[in-house]
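Dear colleague,

Please look at it first and then read on.

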Amino acid sequence: MIHDAVIVGAGVSGATIANTLVQAGLQCVLLEAGRDFSPATFPRHEVDATSLLYWGGGLELTSDAALGLLRPKAVGGGSVMNQALLDRFDDEAIDSWRERSGVAFFSRAGLDPWYERVERQMSITTVPEQYANGNAVVFRDGFARNGYRSAPLVRGQRDCRFGDGNSCIECLRGCPIESKQSMPVTQLRRARAAGLAVVAEFEARRVEHQGDTVAVHGVGADGATATYRGRRLICAAGAIGNTHLLLASGFAARLPRLGYEFYTHPQFMTLGVYDRPIDAHRGPLQSYKSDDPGFRRAGFKLENIFAPAAAIAILLPGFGAGHLRRMREITHFACVEVAVRDTQPGRIRVTRRGAPIVDKPFNDEDRRRRDRGLAAIRNIYLSTGAREIIEGAVAIGLHLMGGCTMGVDPARSVTGPDFRLHGFDNIYAADSSIFPDAPGINPSFTIMALASMAAERIVADARA
């Protein structure tokens, strides 16, 4: 059977594109390496969630082990586990993309209509002030006392029922009441109703371009091999997933920049220890964002976040009884992280055994940005009464971007402004892998906007 489109990756981009295509009458199959969870089957134990919802059992290290990468693995991708933060890119991010890529639609006029289209398709709101938890109050008050600017976070959610005691820390393992506007609740639900075929627990291993068609070869959960053929291939497996698949399939011979320009927004968590309970694990985990122009110019932002107990334990120093004493204070911890708008790109490669490996160095400028952010966090904690500050030793890369960057010049990019890979009329990409550089802003909303734009172009191409 030859499908109109084979889509690899069921995250934000793949789900958005799949829904638009099937609504237009195209026959599509969506392939996803992760499981297809429901509210009844989401793992409720932290260790199970880490091992089942992410590649590498929860953490993949860069080649120098300096950065731990979190790469979602589930039908719905990162939208299942994230906090559904939806921010439009500002002029600084968009202008940087346009200058690097030469792509004209990287502009406010070019992107705003697509942001607005996404907004019409989902419930978007902010957390009511009365539900801000102790960690959010530390964040908000610390900003005000230091003359920093913060603002409410815009989130994709509907009726989270915080008044009933619901906590977003549950949503890190999948929202059990379907309040979070994840892809399974929004785009995929509509697409499945319109006839989309979803194949979960299928790992695409190799792509074969056959002129007018494309074949995707892979392995299912039972170890059996299978092939899916389509008139088009949509690469929607993210920065590492797309790049790994294409490199393993020999595409580097025609795409010399494949795997380059990889960014992560390296994130460094810092704990503040208070004499009073903070209960950072209760209620909505993120209510406010840093909205300070000085931070933006300095290349970082701060986030009021928290994590499950096992993740917090990794951040704490010490061993044995000393570590246990620390963990018993967990309800007195506040947590703020600095996310760096990284300037030093990395590279995704494939080992001799075919596994992906990521080189992601830090340069002096990225370290300066980190240190300025950490200094601001210390000011926040000290001004709000923290008796101790603990800087986490583990750097996390959560926003994985690049590897198939978009641009007008095939010698400097992988994907063209029409969302096709340079030199291939029927292979497309429109997820975070096409980002020209690190925007310094949460990428989810912009991925949705780009995917919506790409989907309309693919539909037009199919009809033509």
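**Cavities and a pocket**

The count comes to two cavities of 30 Å³ or more, a cavity being a set of points, on a 1 Å grid over the protein atoms alone, where a 1.4 Å probe fits but cannot get out. This is a predicted model, in which local features need pLDDT of at least 70 and side-chain atom pairs count only at pLDDT 80 or more, while totals for chains, interfaces and linings use all residues. Residues are numbered from 1 along each chain as its sequence is written, and side-chain values use heavy atoms, with hydrogens and water left out.

The largest cavity has a volume of about 70 Å³, the volume being the space filled by probe spheres set on the points, which are joined across faces, edges and corners. Its lining (residues with an atom within 4 Å of a point) includes V12, S79, M122 and M448. The second largest cavity, of about 40 Å³, has M122 and M448 in its lining too, along with R190 and others.

The second largest pocket has a volume of about 370 Å³; a pocket is an open set with protein on both sides within 12 Å along at least five of seven lines. Of its 27 lining residues, S290, R296, K301, G440 and I441 lie nearest its centre. The largest share of this lining, four residues, comes from β16, a strand (a DSSP run of E, at least two residues, numbered from the N terminus).

Best regards
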